[in-house]
Amino acid sequence: MRNGLWMLAALPALVAAGAAPAQASPQGDALGRCLIAKATSADKTLLIQWMFTALAASPKVAAMSRVSPEERGRFSKGAGQLMQRLLTVDCRPEAIATIKADGAGALAKSFETLGQVAMREFMIDPQVAVALGGLAQGADMGEIAKLLLEAQLP
């Protein structure tokens, strides 16, 4: 039981790190679908904000952001409350079935799925799409085209 409680406490870190089973069971898939269905647009935004503030804590990018420890704490608290609501209220039966089938660590895979959906919603934002399009400025598209031809892409 202690190990299971530790896994639940570590769930946010596991989600952020992508440390989850390679494949979800049918129960885990059902939990992922439930999380997606029950998470509102505001919930998904909160998840992205939490991930952003957590990433901004790294010395590698900290100078690029002005996230205060108080803001980081506020978003962490909000994301923790969201995780609790989704698991213990909105998707409780699915969460219990997933834990019984795969252990508490499998919850991370379902939250990873929710995180991917939240990220996709941000990636289609026109301003984000333009910023992501800047990647092409640093790449030699002729070399990329050669690669695609060599791979015999139709």
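**A note on the disulfide and the core**

1. Let's begin with the cysteines: the link between C34 and C91 is left-handed, with -95 degrees about the S-S bond. Its sulfur atoms are 2.1 Å apart, and a disulfide here is a pair of cysteine sulfur atoms within 2.5 Å. By that rule the count is one disulfide.

2. A word on the source: this is a predicted model, where local features need pLDDT of at least 70 and side-chain atom pairs count only at pLDDT 80 or more, while totals for chains, interfaces and linings use all residues. Residues are numbered from 1 along each chain as its sequence is written, and side-chain values use heavy atoms, leaving out hydrogens and water.

3. Helices are DSSP runs (H or I, at least four residues), numbered from the N terminus.

4. Both C34 and C91 are buried, meaning under 20% relative accessible area with a 1.4 Å probe, protein chains only.

5. Now look at the largest nonpolar core, which has 18 residues; L31, L35, L86, L87, F111 and L114 have the most contacts inside it. Such a core is a set of buried Ala, Val, Leu, Ile, Met, Phe, Trp, Tyr and Cys residues joined through side-chain atoms within 4.5 Å. Helix α5 gives the largest share of this core, six residues.

6. Finally, T53 belongs to helix α4 and is buried at 4% relative accessibility.

Key
Buried means under 20% relative accessible area, exposed over 50%, partly exposed in between (1.4 Å probe, protein chains only). Helices (H or I, at least four residues) and strands (E, at least two) are DSSP runs, numbered from the N terminus.
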